[in-house]
Amino acid sequence: MTHSTSNPANSSNPSEPPKTYPCPRCGTQTAWQDNKYKPFCSSRCKLIDLGAWANEEYTLPAETTPFSDEL
């Protein structure tokens, strides 16, 4: 006698479409499973985002810049 246990988090039902999410860079709907560029849709978006970080394009709003009077 075999018991079949079903775990919805790990199920890979071929009749269900893969879970998708928007790429954080371009917004293209992207499958999560088997995506080597997670959370991005492609190598291109991954590299563009890395370049934006390297160029300090992502900042948090601040009222003043620390040490701005010392420059």
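The following legends describe close-up views of a predicted model.

Residues are numbered from 1 along each chain as its sequence is written, and side-chain values rest on heavy atoms, with hydrogens and water left out. Because the model is predicted, local features need pLDDT of at least 70 and side-chain atom pairs count only at pLDDT 80 or more, whereas totals for chains, interfaces and linings use all residues.

**Figure 1. Overview of the chain and its elements.**
The chain contains 1 helix and 2 strands, arranged β-β-α from the N terminus on. Helices (H or I, at least four residues) and strands (E, at least two) are DSSP runs, numbered from the N terminus. Of the 71 residues, 11% are buried; buried means under 20% relative accessible area, exposed over 50%, and partly exposed in between (1.4 Å probe, protein chains only). The accessible surface comes to about 6700 Å², with 54% belonging to carbon and sulfur atoms; areas come from the Shrake-Rupley method with a 1.4 Å probe, and for residues only the protein chains shown count as cover. Among contacts with a separation of 6 or more, 7% join residues 24 or more positions apart, a contact being heavy atoms within 4.5 Å.

**Figure 2. Confidence along the chain.**
The average pLDDT, the predictor's confidence in each residue from 0 to 100, is 81 for the chain, and 70% of the residues score at least 70. Among the elements, the mean is lowest in β2, at 95, and highest in α1, at 97. Where pLDDT is low, the predicted coordinates should not be read in detail.

**Figure 3. Surroundings of N35.**
N35 is placed in the loop between β2 (29–31) and α1 (43–54). Its relative accessibility is 11%, so N35 counts as buried. The side chain of N35 reaches the backbone oxygen of A31 at 3.4 Å; a polar contact of this kind is a pair of N or O atoms within 3.5 Å, where within protein one atom must be able to donate a hydrogen and the other to accept it, and residues adjacent in sequence count only if both atoms are side-chain atoms. Apart from neighbours within four places in sequence, N35 is in contact with Y21, T30, F40 and C41.

**Figure 4. Aromatic pairs.**
The structure holds 2 aromatic pairs. Rings of Phe, Tyr and Trp (its six-membered ring) pair if their centres lie within 6.5 Å; planes under 30 degrees apart count as stacked, over 60 as edge-to-face and the rest as tilted. The ring centres of Y21 and W32 are 5.1 Å apart and the planes stand at 70°, so this pair is edge-to-face. Because Y21 lies in strand β1 (residues 20–22) and W32 in the loop between β2 and α1, the pair ties together parts that are 11 residues apart in sequence. Y21 is buried at 14% relative accessibility, while W32 is partly exposed at 42%. W53 and Y58 form a tilted pair, 4.7 Å centre to centre and with 55° between the planes. W53 is exposed, at 54% relative accessibility, and Y58 is partly exposed, at 34%.

**Figure 5. Cysteine sulfurs.**
A search of the whole structure finds 0 disulfides, a disulfide being a pair of cysteine sulfur atoms within 2.5 Å. For C23, the closest cysteine sulfur is that of C41 at 3.9 Å, too far for a bond. For C41, the closest is that of C26 at 3.7 Å, again too far for a bond. C23 is buried at 3% relative accessibility, whereas C41 is partly exposed with a relative accessible area of 24%.

**Figure 6. P22 in strand β1.**
P22 belongs to strand β1 and is partly exposed, at 47% relative accessibility. Leaving aside neighbours within four places in sequence, P22 is in contact with G27, T28 and Q29. P22 and F40 are 18 residues apart in sequence, with 8.2 Å between their C-alpha atoms.

The peptide bond from K38 to P39 is cis, with omega near -5°, and P39 is found in the loop between β2 and α1. D34 lies in the loop between β2 and α1 and has a positive phi of about 60° although it is not a glycine. D34 is exposed, with a relative accessible area of 74%. E56, in the segment after α1, has a positive phi of about 60° and is not a glycine. E56 counts as exposed at 65% relative accessibility.
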